[in-house]
Amino acid sequence: MSNLPRRKFLRQTTLATAGLSLSGSLLANPVSIFGANDRMNFAVIGCNGMGWSNMRAHLKLPNVTCVALADVDQRVLDRRSAEVQELTGKAPKVYTDYRKMLENKDIDAVIIGTPDHWHCLNMVDALQAGKHVYVEKPLANSIEECNVMLKAANASDKLVQVGQWQRSGQQYDEAIKYVQSGELGQIRLVKCWAYQGWMNPVPEKPNTTPPPGVDYVMWLGPAPERPFNENRFHFNFRWFWDYAGGLMTDWGVHELDIALFAMGAKAPKSILASGGKLAYPDDASETPDTLQTVYEFDNYNLLWEHATGIDGGPYGRTEGIAFIGNNGTLVVNRGGWEVIPEGQRVDGEWKTKIDRIDLIRPEGNALDKHAKNFVDAIRNNDKSALACGVETGSVAAITAHMGNIAYKTGKKIYWDAASGSFNDAEADALVGARYNNGWELPKV
């Protein structure tokens, strides 16, 4: 049963009783209102990395518990189940097929921590099963999937939070307010970057059989069929196009999200990208280790750049966002924010155009705050209170995917917001999702 593609599986489970439509599932799953003292039951799909980090953040909150785990790796299930029991005093139910887990009526909310190529299926299925959803970033592995997920969330009465937790960081909130105050003057350029010195080259490894206890066919899901290779499995899946989009979508959505929100932007006019495997041309990864992407907006440009294996990013920071205005530059990252003023000579004396603001460090844990925001929004049944809803997640993810599409085509591409396309056959072919092995893109 666990290896059945979605379309066949749904015909054979109670999920099919709603006619495979969101409207049917909403009738069968009326809105649940949670009081402050009501227990909220969480489950996790994909609990090896960020799925587990997100669950731990939610378990810090009162009256939140973990009742179920789903993963295709039995080793991961055993380890996380033991950790849940240690943290909560009760072992969760475990599943190797998330669809069977979604039949569990005791589950109120689901955390999705699977590889990117699974996010769309996981989220839509969870909504159809009447669950609230916290989905890891990037929202999806293609622009088309982002649009499907946005449509599904808008059609549902359940809440969806995207794991772009920088949105809950105090320093980003303060920095955004300063940018929007106009103090920086005309902003001509916004820089976003991720220099990741800890990332070593991915050595070539031979194909092998999957480890014992791993349902590799289910792990592949809608991705193209390939022999098992350790490089493509836990964590390193990020550097292969079948499952993810490299640092452009991994780190890019975090930084681009803050930049776009501060600038009140949603879609660029044009995108140009250049880079490649320039540092480690012979390692096993597919996505570029070095990339520069220029997004054109009205009156300013947005620059994304990333590099693996080195830490020497702009302004002495390994990651961050810089808003460069006529009066000064604001730099913000996970370590805090500061303002570097521009100067001018007035009556023979050098003066700064605005006051310098020395580094203001963040307070508290932003991931914990993001989890609390999600739970509070569920308890209040208030989608508008979400720090990072699906529309926000889709804007960041789509922008990042645009950068990868420009890189793959090698062209300067132009986005037509009215048609939702580039009006370029090669670029538009990369907008769509590619589903394999009998799996189908959800229809909403």
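By salt bridge I mean a side-chain nitrogen of Lys or Arg within 4 Å of a carboxyl oxygen of Asp or Glu. Before I go on: this is a predicted model, where local features need pLDDT of at least 70 and side-chain atom pairs count only at pLDDT 80 or more, while totals for chains, interfaces and linings use all residues. Residues are numbered from 1 along each chain as its sequence is written, and side-chain values use heavy atoms, with hydrogens and water left out.

Back to that pair. Aspartate 250 lies in helix 10 (residues 246–250) and lysine 137 in the loop between strand 5 (132–135) and helix 7 (143–155), so the bridge ties together parts that are 113 residues apart in sequence. When I say helix or strand, those are DSSP runs numbered from the N terminus, H or I of at least four residues for helices and E of at least two for strands. Are the two partners buried or exposed? Aspartate 250 counts as buried at 13% relative accessibility, and lysine 137 is buried too, with a relative accessible area of 12%. Buried here means under 20% relative accessible area, exposed is over 50%, and partly exposed is in between, with a 1.4 Å probe and protein chains only.

Now the domains. The chain is divided into domain 1 (40–165) and domain 2 (167–363 + 390–429), with bounds that come from an automatic or database domain assignment. Their centres, taken over C-alpha atoms, are separated by 25 Å. How many residues are in contact? On the domain 1 side 31 residues, and on the domain 2 side 39 residues, where contact means heavy atoms within 4.5 Å. Between them the two domains bury about 2800 Å², 65% of it on carbon and sulfur atoms. Val72, Gln164 and Trp165 lose the most area in domain 1, together 25% of what that side buries. That buried area is the accessible area (1.4 Å probe) that two parts lose on being put together, summed over both. And the salt-bridge count between domain 1 and domain 2 is one.

The structure holds 22 of them. Arginine 167 and aspartate 257 meet in one, at 3.0 Å from N to O. Arginine 167 is in the loop between strand 6 (160–162) and helix 8, and aspartate 257 is in helix 11 (residues 252–263), so this pair ties together parts 90 residues apart in sequence. Both arginine 167 and aspartate 257 are buried. Next, glutamate 338 and arginine 317 meet at 2.4 Å, N to O. Glutamate 338 sits in strand 13 (residues 336–341) and arginine 317 in the loop between strand 10 (300–308) and strand 11 (319–325), 21 residues apart. Glutamate 338 is buried at 14% relative accessible area, and arginine 317 at 13%. There's also a network of salt bridges linking Arg226, Arg232, Asp242 and Glu286.

Now helix 12, residues 366–379. Its 14 residues should span 20 Å at 1.5 Å a residue, and its end C-alpha atoms are 20 Å apart, which agrees. The expected span is 1.5 Å times one less than the number of residues. Why call this helix largely enclosed by the rest of the structure? Because 10 of its 14 residues are buried. Among them are Leu367, His370, Phe374 and Arg379. The buried residues of helix 12 pack against strand 1 (40–45), helix 3 (50–59), strand 2 (64–70), strand 4 (109–112), strand 5 and strand 6.

Last stop, aspartate 289, in the loop between strand 8 (270–276) and strand 9 (290–297). Aspartate 289 is buried, with a relative accessible area of 5%.
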